[in-house]
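Student: Could you take me through one part of this model up close? I'd like the helix packing, with the cut-offs spelled out.

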Amino acid sequence: MELSQLPDFMKYKDKFTKSGFVEKISRIAKRAGAKLVYASLLLYYTLESDKVSLKDKAIIIGALGYLISPLDAIPDAIPIAGLGDDLAVLVYVLHKVWGEVSEDVKAKAHAKLSQWFDADELRGADELFSNDPNEDPV
């Protein structure tokens with residue numbers, strides 16, 4: 001999905017709540033796949049850091065609000081495409097804030113991910129960013 005095709009996810013920033021995020025990720029984890037869940041967790045844990053700028057926190061909140069909103073551009077109930085727009089938004093924001101994603105955040109997100117996915121599924125998430133966040137991960 002190109003930048004010009006991304007939905008206006010910032011209008012969803014008021015939809016974000018920590019409890020809403022945890023509930024949504026827990027509910028859709030297996031259906032969404034390891035890549036989407038890992039990207040979500042990276043952003044969620046980055047948001048908790050006091051080293052992240054307010055500007056970056058704002059776009060993270062917009063992306064996570066978009067993820068948990070039931071009224072996004074392509075409804076999540078539509079197989080494959082429904083979560084594809086969510087992943088595109090999450091990856092776009094990860095590209096923007098990648099310098100703010102600490103090794104601790106990556107480890108914490110990976111540990112949480114391993115509670116929901118087996119080793120084969122985790123390999124897909126590990127490839128999300130293979131060291132170069134400017135590569136297209138999807």
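Tutor: Here's a walk through some helices and their contacts.

First, the ground rules: this is a predicted model, where local features need pLDDT of at least 70, side-chain atom pairs count only at pLDDT 80 or more, and totals for chains, interfaces and linings use all residues. Residues are numbered from 1 along each chain as its sequence is written, and side-chain values use heavy atoms, with hydrogens and water left out.

Let's start with α2, residues 34–47. Helices here are DSSP runs of H or I with at least four residues, numbered from the N terminus. From first C-alpha to last, the 14 residues of α2 reach 20 Å, close to the 20 Å expected at 1.5 Å a residue (the expected span is 1.5 Å times one less than the number of residues). Since 13 of its 14 residues are buried, α2 is largely enclosed by the rest of the structure; buried means under 20% relative accessible area, with a 1.4 Å probe and protein chains only.

One partner of α2 is α5, residues 103–116: their axes come within 9 Å and cross at roughly 140°. Axes are lines fitted to C-alpha atoms over the stretch in contact, and angles run from 0 to 180 degrees between N-to-C directions. α2 passes α5 in a right-handed crossing, meaning the near helix is turned clockwise from the far one by less than a right angle. On the α2 side, the residues in contact (heavy atoms within 4.5 Å) include Val37, Leu41 and Tyr45, and those they meet in α5 include Ala109, His110 and Trp116. By class, that contact has 10 nonpolar, two polar and three charged residues; Ala, Val, Leu, Ile, Met, Phe, Trp, Tyr, Cys and Pro count as nonpolar, Asp, Glu, Lys and Arg as charged, and the others, Gly among them, as polar.

Leaving aside residues up to four places away in sequence, leucine 122 touches His110, Leu113, Ser114 and Phe117. At 11% relative accessibility, leucine 122 counts as buried. Its C-alpha is separated by 8.3 Å from that of lysine 35, 87 residues apart along the chain.

Technical notes:
Helices (H or I, at least four residues) and strands (E, at least two) are DSSP runs, numbered from the N terminus. Buried means under 20% relative accessible area, exposed over 50%, partly exposed in between (1.4 Å probe, protein chains only).
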